[in-house]
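Here is a short report on how one protein chain packs.

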Amino acid sequence: MDYITLTGVSALGTHGVLDFEHTAPQPFVVDATLYLDLSDASRSDDLADTVSYAQIADRIVSVIQGEHCDLIEHLAQRIADSILLSWRVQRTVVTVHKPKAPIEQDFGDVSVTIQREQPSGASDGDEKMDTPTKASQAAAEQTEQTEQTEQTEQPDLPELHTAILALGGNVGDVSLAMREAIVSLDALPGNQITGISALYRTAPWGVPGAEPVPDFYNAVVELSTPLSARELLDHIHAIEAEHGRTRDVHWDSRTLDIDIIDFNGTVSADPDLTLPHPRVWQRAFVLRPWLDVQPNAQLVGEHEGAVAELAQRAPDAHAVQLESLDWILQTGRTKEDGQR
């Protein structure tokens, strides 16, 4: 199996059992090996066919600088979880170094190494692929078995579509609602979340009312689905309703809003489901997180163009602020606990 290696990704964090380690930052250094199939990328020379190691490095730094862990074993697990959010990464080996650990004896380094894989990985969980050679052998055996099965069974597989969904809200614990919505979307038969953006925060604009309006939080996910755009929209409305979303006022504050931004690059003037979303070209709070999951995204239709360029020209480009890189890894309710 092919692999990408990142070594020496460092940042300051407050991790450790001792009291002073909860408040006094110290250096942590991470090495990570990402096992994935690089066949498409090696031929296409396209970033979309591989994993951005810059994004992985950002995730590692965000976890180190984030929530306190008593044990570097737990820190290593959180880093591995963040790496495996990239669906192309089938397996990762993470080593966390703590070079300034509070040890009285002279020492060179303290480190913990863990190996984790995607929960749905096809390899045998009891087999440890410690070397690229063993990984390649296992992958080859799996490919051969798959080809033999396809030749004998040849099942009718459903056509898969790629959808870009924008999630947002400004009432209650928005990030929790979005995490739960992503789980619900991924749980639909045949669905697979293939990309999740960072979380962004934007001051409200275009929302009526004299009272102060809470800031909006937004993210974008990429979804592989066998559902049609209309079927997907029906499920989205059900998920929104479960989180208290009402549609009495079009531009009002909301607990959870999910929009289909793009569906296979389809152009449709259906008033109930216009594709792509008719106002996305003006919304940096959607365009910017879209780039997190599709760095080379192109908007089709009347306002077609590179999403990266549209994001820079959007009226609210200056107002979109990065809120969190690891928001999807958080559990429970946020500290603000519905006070946003």
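Leu165 is buried, because its relative accessible area is 0% and buried means under 20%. This holds for a predicted model. Leu165 sits in strand β5, residues 161–169. Leaving out residues up to four places away in sequence, Leu165 touches Leu185, Ala219, Val220, Val221, Leu223, Leu232, Ile236, Ile258, Asp259, Ile260 and Ile261. Asp257 is 92 residues from Leu165 in sequence, yet their C-alpha atoms are 10.0 Å apart in space.

**The cores**

Which residues have the most contacts inside the largest nonpolar core? They are Ile60, Ile79, Val94, Leu165 and Leu232, in a core of 59 residues. Helix α3, residues 72–83, gives the most to this core: six residues. Domain 1 (2–117) and domain 2 (161–329) each supply at least three residues to this core. Another core lies apart from it, with 20 residues, including Ile261, Leu287, Trp290 and Ala297.

Ile60 has its own set of partners. Setting aside neighbours within four places in sequence, Ile60 is in contact with Leu6, Val9, Val30, Ala32, Ile79 and Ile83.

**Helix α3**

The buried residues of α3 are Ile72, Leu75, Ala76, Arg78, Ile79, Ala80, Ser82 and Ile83. They pack against β2, α2, β3 and β4. The length of α3 can be checked. At 1.5 Å a residue, its twelve residues should span 16 Å; the end C-alpha atoms are 16 Å apart, so the two agree.

**The sheet**

Four strands form an open sheet in the order β1-β2-β3-β4, with antiparallel pairing. β1 and β4 are the edge strands, each pairing on one side only. From one strand to the next, the twist averages 15 degrees. β3 and β4 pair in the antiparallel sense over seven bridges. Val94 has Ile114 in β4 as its bridge partner.

| Helix | Strands contacted | Angle |
|---|---|---|
| α3 | β2, β3 and β4 | about 145 degrees with β3 |

**Putting it together**

Conventions: Residues are numbered from 1 along each chain as its sequence is written. This is a predicted model: local features need pLDDT of at least 70, side-chain atom pairs count only at pLDDT 80 or more; totals for chains, interfaces and linings use all residues. Side-chain values use heavy atoms; hydrogens and water are left out. A nonpolar core is a set of buried Ala, Val, Leu, Ile, Met, Phe, Trp, Tyr and Cys residues joined through side-chain atoms within 4.5 Å. Buried means under 20% relative accessible area, exposed over 50%, partly exposed in between (1.4 Å probe, protein chains only). Helices (H or I, at least four residues) and strands (E, at least two) are DSSP runs, numbered from the N terminus. Domain bounds come from an automatic or database domain assignment. Contact means heavy atoms within 4.5 Å. The expected span of a helix is 1.5 Å times one less than its number of residues. Two strands pair if DSSP finds at least two bridges between them. Axes are lines fitted to C-alpha atoms, for helices over the stretch in contact, and angles run from 0 to 180 degrees between N-to-C directions.
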